[in-house]
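Visitor: I have a structure open and would like to learn how to read it. Could you walk me through it?

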Amino acid sequence: MSDDDLEVTYEYVRIADLLAADIAAGRLPLGARLPGEQELATMHGVSVSTSRRVRRELARRGLVKALPAKGTFVIRTAAVVEGGNDETPPPGP
């Protein structure tokens, strides 16, 4: 196996991809509330800070919006921007 065969993905990006797939498939429909940070962390066996990054990543992709003291809700059902992370911009056209 060469280094080219290895694909390293941050855990928060992997979880964000899973949730984005749920959104695209309609399992999380428009207006659906995402689990809270603690619940999301417990569900995926990660820290609360990782679940916070998951929500930021989904917001960066334009799929969810956080409303203070209310929660995070699905605002778009089609994943327009796939992959990437909040430290690097998505690939250009």
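Predicted model: local features only at pLDDT ≥ 70, side-chain atom pairs only at ≥ 80, totals over all residues.

Visitor: How much of the chain is buried?

Guide: A residue counts as buried when its relative accessible area is under 20%. Here, 30% of the 93 residues fall in that class. For the surface, the chain exposes about 5,900 Å², and carbon and sulfur atoms supply 56% of that area.

Visitor: What share of the contacts joins residues at least 24 apart?

Guide: Take the contacts between residues at least 6 apart in sequence: 58% of these join residues at least 24 apart.

Visitor: Now the helices, please. How do α1 and α3 cross?

Guide: For a pair of helices, look at the distance between the axes and at the angle. Helix α1 covers residues 11–24 and helix α3 covers residues 48–60; their axes come within 9 Å and cross at roughly 55 degrees. Angles of 65 to 115 degrees count as roughly perpendicular and those under 35 as roughly parallel, so α1 and α3 are oblique to each other. The crossing of α1 past α3 is right-handed.

Visitor: Which residues make that contact?

Guide: On α1 they are Y12, I15, A16, L19 and A20, and on α3 they are T50, R53, V54, E57 and L58. Sorted by class, the contact of α1 with α3 holds 7 nonpolar, 1 polar and 2 charged residues.

Visitor: At what angle do α2 and α3 pack?

Guide: Helix α2, residues 37–44, packs against α3 at about 105 degrees, and the two axes are 8 Å apart. Since 65 to 115 degrees is the range for roughly perpendicular, α2 is roughly perpendicular to α3. The contact involves E37, Q38, L40 and A41 of α2, together with V48, S51, R52, V54 and R55 of α3. This contact of α2 with α3 has 4 nonpolar, 2 polar and 3 charged residues.

Visitor: Where is S47, and is it buried, partly exposed or exposed?

Guide: S47 is in the loop between α2 and α3. Its relative accessible area is 36%, so S47 is partly exposed. S47 and E37 are 10 residues apart in sequence, and their C-alpha atoms are 9.0 Å apart in space.

Visitor: How should I read distances between residues far apart in sequence?

Guide: Compare the separation along the chain with the C-alpha distance. A24, found in helix α1, is 52 residues from R76 in sequence and 8.8 Å from R76 in space, C-alpha to C-alpha. A24 counts as exposed because its relative accessibility is 54%, and the cut-off for exposed is over 50%.

Visitor: What does I75 touch?

Guide: I75 lies in the segment after β2. Leaving out residues up to four places away in sequence, I75 touches L30, G62, L63, V64 and K65. I75 and A32 are 43 residues apart in sequence, with C-alpha atoms 8.4 Å apart. With 45% relative accessibility, I75 counts as partly exposed.

Conventions:
Residues numbered from 1 in each chain as written. Heavy atoms only, no water. Axes fitted to C-alpha atoms, helices over the stretch in contact; angles between N-to-C directions. Helix = DSSP H or I, 4+ residues; strand = E, 2+ residues; numbered from the N terminus. Parallel < 35°, antiparallel > 145°, perpendicular 65-115°, else oblique. Left-handed = near helix turned anticlockwise from the far one by under 90°. Contact = heavy atoms within 4.5 Å. Nonpolar A, V, L, I, M, F, W, Y, C, P; charged D, E, K, R; others polar. Buried < 20%, exposed > 50% of the residue type's maximum accessible area, 1.4 Å probe, protein only. Areas by Shrake-Rupley, 256 points an atom, 1.4 Å probe, with all protein chains shown as cover.
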